[in-house]
Amino acid sequence: MLVIVFLAVVPAHAQDRSSSAVIFENVRIFDGTGDRLSGPSNVLIVGGVIKTISSAPIADPPDVTVQRLRGDGRTLMPGLIDSHWHTMFVAPSMPQLLDGDLGYLTLLAGVEAEATLMRGFTTVRDLGGPSFALKRAIDEGRIVGPRIYPSGAMITITGGHGDFRSRSDLPRSLGAPLTMPELINASQLADSPDEVRMRTREQLLLGASQIKLTAGGGVASPHSPLDVSTFTEEELRAAVQAAANWGTYVGVHAYTPEAIQRSIAAGVKVIEHGHLMDEASARLIAEKGIWLSFQPFSDDGFMAPMPASSVARMRQIFAGTERTVALARKYKIKMAWGTDILFSAANATRQGVQLARMAQWYSAAEALSMATASNGELLQLSGRRNPYPGRLGVVQEGALADLLLVDGNPLTDIKLIENPGKNFLVIMKDGKVFKNLVR
């Protein structure tokens with residue numbers, strides 16, 4: 001069985017999509033938006049795009065090599081999208097990250113990128129870290145991994161979430177050498193509108209599809225209490241304007257009402273987390289049409305190792321999860337779903353578990369729609385900086401062909417996605433088959 005699996009995993013560069021096509025036969029489709037499966041259908045993929053969906057048999061298109069995959073009534077659905085992922089920070093421990101060996105960190109991330117795709121996550125929105133080189137290698141077909149929407153370095157302030165310096169590194173004089181996280185482009189410090197504007201433009205130059213700022217305190221950083229609001233409105237607005245000049249947007253790490261409201265006033269399009277929001281903040285998010293990129297944080301016994309102070313802050317966030325969901329439902333906030341898994345390759349294997357957890361509050365169809373069609377809509381905010389123009393997260397004619405063939409119906413049993421090794425029989429990205437367990 002191990003030999004069959006090994007032979008079925010095909011590197012991206014092993015297929016020429018210009019001279020090949022794939023036809024899924026006899027599948028029932030979850031298109032990413034509905035609440036039920038289609039009738040028996042056939043789907044033709046040519047050139048990385050879904051060309052035809054039909055209840056009638058599909059003939060082989062001329063002048064191409066056709067691979068037919070028998071669905072036998074199984075579910076064909078969009079590839080999963082994680083709206084808050086850290087490609088470079090998932091696998092290493094915190095000490096390994098702070099050691100700053102970018103070559104080693106990239107190698108770890110390359111291994112994890114393939115594992116991410118094999119969990120059925122065909123796209124990730126990277127919310128901080130030096131992932132540009134890895135993204136390039138994946139896009140060129142040199143290594144296997146998901147599509148990456150990179151933010152580049154998270155931009156923060158002195159003492160903010162993302163400032164990993166110790167107290168002995170202070171005071172920092174003007175013109176002093178950059179810190180290790182800045183040198184590897186993990187995070188960048190900016191303490192004025194001009195500095196924020198410069199750091200934002202640097203990430204856009206490097207290829208960022210969106211910009212990430214930390215508008216309030218966080219968990220992993222050593223000196224950023226959750227209640228702290230970091231950037232001023234003027235500083236936030238500098239990033240928003242710089243991003244808009246490049247045709248894209250800013251998302252902010254923000255938990256508290258003050259951080260959320262200040263960010264929205266500055267023109268931010270996406271709030272990441274939001275677990276300590278109040279009623280007024282939720283109402284404002286809804287009224288302004290802001291996206292909430294949400295993670296179902298809870299005390300499930302799988303926290304990555306971290307200092308006691310970080311654990312205490314994490315428990316504050318756990319306590320806000322239920323209320324945030326209730327407010328999001330009450331005000332019909334536009335919800336995206338992500339995981340924000342950090343510093344634990346073991347926890348990364350539970351990416352699908354985190355998605356299934358959303359079924360505590362939403363139907364299986366609603367939860368899966370967040371991780372497919374809704375997240376795909378969020379990605380469109382990148383506008384002219386979108387590295388993968390086209391529709392993601394749906395099974396529709398003309399959409400990009402990122403697809404999963406599931407052994408079962410995830411709309412009636414969402415826990416199928418918790419075991420992708422067994423239940424995802426085919427994994428396709430960009431029209432290429434990376435895993436095939438169908439005989």
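**T116 and its contacts**

I started with T116 and looked up its contacts (heavy atoms within 4.5 Å). Leaving aside neighbours within four places in sequence, T116 touches W85, F121, V124, P146 and Q351. T116 sits in helix α3, residues 102-118. I took helices as DSSP runs of H or I with at least four residues, and strands as runs of E with at least two, numbered from the N terminus. T116 counts as buried because its relative accessible area is 1%. The cut-offs I used are under 20% relative accessible area for buried, over 50% for exposed, and partly exposed in between, with a 1.4 Å probe and protein chains only.

**Ground rules**

I am working with a predicted model, in which local features need pLDDT of at least 70, side-chain atom pairs count only at pLDDT 80 or more, and totals for chains, interfaces and linings use all residues. I number residues from 1 along each chain as its sequence is written, and side-chain values use heavy atoms, with hydrogens and water left out.

**Confidence**

I checked pLDDT next, the predictor's confidence in each residue from 0 to 100. The mean for the protein chain is 91, and 94% of its residues reach 70 or more. Residues 1-15 stay under 50. For that stretch the model has 22 contacts beyond four places in sequence.

**Two positive phi values**

I then looked at backbone angles. Most residues other than glycine have a negative phi. D63 has a phi near 65 degrees, a positive value in a residue that is not glycine. I found D63 in the loop between β3 (49-54) and β4 (65-70). D63 counts as exposed because its relative accessibility is 78%.

D430 also has a positive phi, about 60 degrees, and is not a glycine. I placed D430 in the loop between β17 (424-429) and β18 (432-436). Is D430 buried or exposed? D430 counts as buried, at 16% relative accessibility.

**Distances along and across the chain**

I looked up G48 in the loop between β2 (41-46) and β3. G48 is buried, with a relative accessible area of 2%.

E287 lies in helix α9, residues 279-288. I noted E287 as exposed, since its relative accessibility is 59%. The C-alpha atoms of E287 and L392, 105 residues apart along the chain, are separated by 26 Å.

**Whole chain**

I counted 14 helices and 18 strands in the protein chain. The C-alpha atoms fill a box of roughly 70 × 45 × 40 Å along the principal axes.

Buried residues make up 57% of the 439. Among contacts between residues at least 6 apart in sequence, 70% join residues at least 24 apart. I took accessible areas from the Shrake-Rupley method with a 1.4 Å probe; for residues, only the protein chains shown count as cover. The accessible surface comes to about 17400 Å², and 55% of it belongs to carbon and sulfur atoms.

I ended with charge. Lys and Arg count as positive, Asp and Glu as negative; His and the chain ends are not counted. Each charge is placed at NZ of Lys, CZ of Arg, CG of Asp or CD of Glu. I have 43 positive and 43 negative side chains, and the centres of the two sets lie 3 Å apart.
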